[in-house]
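Below is a short note for a colleague who is opening this structure for the first time. Please keep the view of the chains and ligands at hand while reading.

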Amino acid sequence: MNPLSKPWIWSWLAAAGAFALTLGLTSGRGAGELGYAALSFGAFAAIVGLGQMLVITLGPGNVDLSIPATMTLAATLALKTMGTVEGTAFVGLAVALGVGLAAGFANYMLILLLRLPPIIATLAASLIYQSLAIWSNRGLRIKPPRELADFATGQVMGIPNVAWAGLLLAAVVWVVLERSVWGRWLLATGQNTHAARLAGIPVEMIRAATYLSVAVFASLAGYLLASFSGGAALNMGTEYLLMSIAVVVIGGSSIAGGNSNVPGVWGAALFMFLVVSMLNSYGAGAGVRSVLTGTIIIAIVIAASTRRVRA
Amino acid sequence: MSFLARHRIILPVVSLAVLLAATFYMQPRAMSYFGLNLLFNLAVPIALATIAQMMIIMVNDIDLSLGAFVSLVACVTATFLNDTPMLGLLILLALILSYALLGALIHALDLPAIVVTLGMSFVWGGLALFILPSPGGASPDWLRTLMTVKPPIVPMAVVASVIIAAVTHLLIIRSGIGTVLRGVGGNATSVARAGWPVIRLKAFAYGLAGLFGVLAGMTLVGLTTSADANIALRYTLLSIAGVILGGGEFIGGKVSPTGAVIGALTLTLAASFLSFMRLSPDWQIGAQGAILILVLTARLIFSRRGEA
Amino acid sequence: ESGTADKRIALSNNYAGNSWRQAMLQTYEEIGKKAVADGVVAAADAYTTSENQATEQAAQIQNMILQGYDAIVLNAASPTALNGAVKEACDAGITVVSFDGIVTEPCAWRIAVDFAAMGKEEVDYLATRLPDGGNLLEIRGLAGVFVDDEISKGIHQGVAEHDKFKIVGSVHGDWAQDVAQKAVAGILPSLPEVVGVVTQGGDGYGAAQAFKAAGRPTPLIVLGNRQDEMKWWAEQRDANGYETLSLSIAPGVASLAFWVAQQVLAGEEVPKDLTVPFLKITQDTLDESLANTPEGSVANVTYSLDDAKKVIADAK
Amino acid sequence: MTDHERAPIVTLTDAARHFGPVRALDGVSLSVAPGDCIGLVGHNGAGKSTLVNLVNGGLSPSSGSIAFTRGETALQAGVRSVFQELSLCPNLTVAENLRISHTALTGPGWRRRARAEIGASLDTIFPNHGIDADAVVDTLSIAERQMVEIAIGFAPRGTEARLVILDEPTSSLDAGIADQLMAHVKRFCAAGGAVIFISHMLGEVFEVASRIVVLKDGRIVAERQTAKFTRAELVDAMGHVAAEAVESAVAERAFGPEVVSTAQGLRARKGEIVGLSGLAGHGQAAALAKLYLSRSSSWHSRKDPDVVFVAGDRARDGILPLWSILRNISVSVLQQGARWGLVNGGAEARIAAEWKSRIGIRTDNVENPILSLSGGNQQKVLFARALASPAPVVIMDDPMRGVDVGTKQDVYAMIRAEAAKGRTFLWYSTETEEVCQCDRVFVFRNHEISAELTGADISEEKILEASFEMQEAS
Ligand SMILES: Nc1ncnc2c1ncn2[C@@H]1O[C@H](COP(=O)(O)OP(=O)(O)OP(=O)(O)O)[C@@H](O)[C@H]1O
Ligand SMILES: Nc1ncnc2c1ncn2[C@@H]1O[C@H](COP(=O)(O)OP(=O)(O)OP(=O)(O)O)[C@@H](O)[C@H]1O
Ligand SMILES: [Mg+2]
Ligand SMILES: [Mg+2]
């Protein structure tokens, strides 16, 4: 089969292109550094992107706009609980994941009980989470315990620890989607929820689990990001709203649901970091950077979709 | 089918009325010509943006670039349209045209609109930064005059909302071409089979969205008197919420222009209502979310009744 | 006795998502509560929107007009886009005092910081410390915002004057540590040696982290008064004698604006344009500032009525 | 008639259409003249819908040609189509849907004219139809939608309808309405119109068609005047073994304990085949859906489900369109072979292969996308999905829609065999003939059970009587 017909290949090609162009400036110097940075920062986008991908797979109209607020709230509460005390990393992780579960549960309840369209439900809920984060800590930036900060900025075998976390999560999601019964059910639900229900699939369980997963992924990303960058800030999640959607669609998952693509999420996460680095390195101003980023995103989508049609 | 389920428009109307009553109760001063104008004049560009979003949702797509687009239009209006009106007008026409082309491209290559518009939001935002790297520009005088005109009896904001609703209702619900456009959202295959060039219809719907986006940006500048590259970013989500609040649905071509305008007014009013409640700043943001949930929950009561 | 006991003042704020704004809200709240308790004014409420958008804030100001406030203390999302709403407020007889993010509408008062001078001062400082000059990295704020443009202008002006310096890279850090860290990490591999980093505040620590992660020597980073930056600075100083400068506008300027509004309401003659100096922390004042700043917050000063009177008198 | 009037409306010369390796239509020559009523029959996947799509311009031929006597395009030539899958815009009203098809209906007052036009057309074809021209289509029942679609097909729409193609128009209509349609088709052809009538119900074809064309594997294998065909010959030409005369209700069998009993009065015993009948849209489908939903959960799924469902409205209730045939079949049995929650690929492939041959799904590879199958073959996949599951109760919502005669016989046999093994079937059908094979029949009227028939009582007359009674009374 023609490799170009795989929808995820395009995000990887684009990432590689941006990588090469950046290094073109330095005639190859700094490749390691750049790759390392891309893996570190791509990991956060990949983690939230994997969650968003699961939600988008649920079908049209499903999307989680509360990711940034969930990240912020989870990180804020976790860091406040740990309060820079050594040895509390796991307590903090538990708090963060707990916040994720609670937020996911709340989102799902709004969707299920009040039957709000997910896009509106998660948007409204995110405002409440943001308020909770402000109220709980008034924007103070508490440092993570040193061991946790060391872990988050550390590396094993030349790969950043946060990237290991992202890769591990990607592997798990891949197995779930491609090999498990649960994944099949999710994909079926995304194609036609009604038909899936009539085929005996427990669609509400699938939807609930998906909305819980995305929030838990977001809270994990928030916890890691706060540990990595030296504390939680109220605006730390902002850029992950569009980012999480962008990496899913650039990665080749179908926005119409029922079809998802794990390797593409990582490719797109790397790309989103590398393209900004490339444009910054070439000295592009904010305007040029923005226009080019948008154009490249559209080009990737066109390339991926026209290839798919021909294949 | 119940009366309420058939007349979806009642829900947005009732939500708005209840909210308005509550606002008047909290702040009796709002119950005046002057007060209504203050409450609603910033809703005019939002209503136009909501209509623009509705045009896209009508053909089963969604526009994530609308906020950035309106910001760009605002920048063009506050600079080119003010300094060199002819050039400004040309640029605005070109922007409408590019929206139409976008619609054609999305249809021809069968691209997911959400992704293309996500990409376009970066493009529009970048162009806006070119034009206005820092806030500035000035509203053309005629536009400022138009937006601050004081008609007798009813304030400008209310008059404008009614006009927007009436015109778009005629265009989308009553007219033949509007019916066909809604048909594209309902079942594009059957419209194509009947011999309509769907690609042109989609381009037309997008073009209409571009037109209303341009109007939104212009009226915004008329009110704010100047622009910046980020001025309307939140219109993207606001407009989507407005369409849904107004009884529209994401797929199937079910939209209501009147509902969309009312939805936009409701959202604007909700924010004012909250500030009259004098919450602590910590909770002001969350309360916006809570009120959004509350207003939409009313839908539930209606749809439950509708099923019974 | 002040003649403003029945007056009501509101704060209109456009963003609450960072520690600077939170410190500002807190200062305003403290000073407002006390003023109400002392009977100086009848109310001192604070309002904030979430998205840093002029449209939202314009609506907020219009609501304040309806609510019948006597004065509005305003940190504006845009220097010009609120002019329509501000004019309406003035027409309704409301005193509008803008600060930090000021507005250009002539009827309003402005308590400004000379942001361009702040940018230039950063380069001037670097010139004293690095007489040989060298390569600089610029971290900017949020694109399209007035403050970002002003500071950046000042920096470039400074570089033009000190021609031994050269800006080899410029990234947008959106005034957030993590965004700055990411942007710097992305551009560093392609940069030659960097001797100094000029910033806009809120992003110095992120830059330092990025340099550390890339295994590069830490350059001279101009900081922005955040507590974590100062703490990092103190640690570096203790470890290797690191020396730098930190400067930013103090969030407490909200309290100054409050008092100016009170003075205007009291019928005092107040010039329309006032300036406040920015808050500068040097090697000498570092320990003191660090001790006075709450964990995770921003270095702050709260202005009193007398401070306000003095600022007014200076401007006359 | 003059020669000019007898000139063919459309002529296909050796027209072929291939989808990759699939030769959907493999060189067909056919001409349709005014006054013709052509019955087009053939097994599922024979190429009928493809032929229709070539004539109406929806597809272009891979080779060969299609020529119209008047005008360049099908639209100009006055060719109209009523499609196998419903193709109205559900969000628009009946009159607005006419506007979509009637592109020339413009200017002020179009709405009133559209209302009048569709109203007249409905009145002509389906007297007493009771459909409001201002009703939004998605509030109509599937039968009413089909009626609207047919009425739009025959409406004048500015030009005149010269050739109307009906692709399985009666598949969701009950007998009474189908009769109205056939009467209209005859009138239409007598007045000089032409019709291509596609149906798997051979009785209908014999009733309306003046000429019958048999398609098999993309080729015309027989074309004769209707009178020159017997039913057995026709079935033979289609490539099926002649169907044995339908044996009426199987000799009294012993049934097990009662396994279904609803508040509405629906009951079934183990091993019983229970039919639901009555006029279309009188609550049968809703009753079955409610029963299914109440006996399965959307929160957890058991390895041994209690009930399975076979959908009739494929696109809405059955098909998972992005998947292969294999995945569509296996979705109901995933849990059986699974270990640690992982799908057992081998078992999955085995089940799909087994059912492909058992139920005769026409495809060379079960990995092909489900949408590459013809309508009837997609329906077979849904059968396979249900029968592959071990559930003791099978609920079928008009499952034979668009299934060809031969396959129907196979499926009937399969159902009887499964029932003998102790499975219970609840089977709603719009075809009375099918219902008559059941052990017990519930007739629905106005969302209530109006009669319960067993044994010798099950007959077409009794069912019709129970379906109509109250309507006449009221
Ligand atoms: N888009 C397509 N892609 C691939 N194969 C197709 C496509 N459309 C039809 N086919 C194939 O062409 C053949 C003829 O299909 P067609 O729909 O014409 O059958 P039909 O006679 O209408 O059957 P039915 O009675 O089941 O509706 C089938 O084998 C089908 O699988
Ligand atoms: N193609 C078109 N483009 C734009 N506007 C149109 C078009 N067709 C009609 N309109 C306008 O739409 C409005 C309503 O259309 P029209 O008069 O056809 O419906 P109507 O007569 O109100 O229908 P009804 O019979 O239900 O009363 C009129 O203002 C008409 O000018
Ligand atoms: Mg067919
Ligand atoms: Mg009329």
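This is a predicted model: local features need pLDDT of at least 70, side-chain atom pairs count only at pLDDT 80 or more; totals for chains, interfaces and linings use all residues.

1. Which residues come nearest to ligand 1? Of the 19 residues around this ligand, D:Lys48, D:Ser49, D:Thr50, D:Ser372 and D:Gly376 come nearest. By class, the shell holds five nonpolar, 12 polar and two charged residues.

2. A polar side-chain atom of D:Ser49 lies 2.7 Å from an oxygen atom of the ligand, an N or O atom in the side chain of D:Ser374 is 2.9 Å from an oxygen atom of ligand 1, and for a polar backbone atom of D:Gly376 the distance to a ligand oxygen is 2.6 Å. Taken alone, ligand 1 exposes 640 Å², and the protein buries 82% of that.

3. The elements that give two or more residues to the shell around ligand 1 are β2 (22-32), α2 (48-55) and α14 (375-388) of chain D, and among them α2(D) gives the most, with three residues. In terms of domains, at least three residues of the shell are drawn from each of domain 1 (3-238) and domain 3 (319-390) of chain D.

4. Ligand 2 lies between chains B and D, and the residues that surround it include B:Leu170, B:Ile177, D:Trp110 and D:Arg115. Taken alone, ligand 2 exposes 620 Å², of which the protein buries 60%.

5. Two or more residues of the shell around ligand 2 come from each of α9 (156-174) and α10 (176-193) of chain B and α4 (110-125) of chain D, with α4(D) giving the most, four residues. The classes in this shell are four nonpolar, four polar and four charged residues.

6. How many residues of chain B are in contact with chain A? There are 40, and they meet 38 residues of chain A. The two chains bury about 3500 Å² between them, 82% of it on carbon and sulfur atoms. On the chain B side, B:Phe122, B:Asp282 and B:Ile293 lose the most area to chain A, together 17% of what that side buries.

How values were computed:
Residues are numbered from 1 along each chain as its sequence is written. Chains are lettered from A and ligands numbered from 1 in the order in which they are written. Side-chain values use heavy atoms; hydrogens and water are left out. A residue is near a molecule or strand if one of its heavy atoms lies within 4 Å of it. A polar contact is a pair of N or O atoms within 3.5 Å; within protein, one must be able to donate a hydrogen and the other to accept it, and residues adjacent in sequence count only if both atoms are side-chain atoms. Accessible areas come from the Shrake-Rupley method with a 1.4 Å probe; for residues, only the protein chains shown count as cover. Ala, Val, Leu, Ile, Met, Phe, Trp, Tyr, Cys and Pro count as nonpolar, Asp, Glu, Lys and Arg as charged, and the others, Gly among them, as polar. Domain bounds come from an automatic or database domain assignment. Contact means heavy atoms within 4.5 Å. Buried area is the accessible area (1.4 Å probe) that two parts lose on being put together, summed over both.
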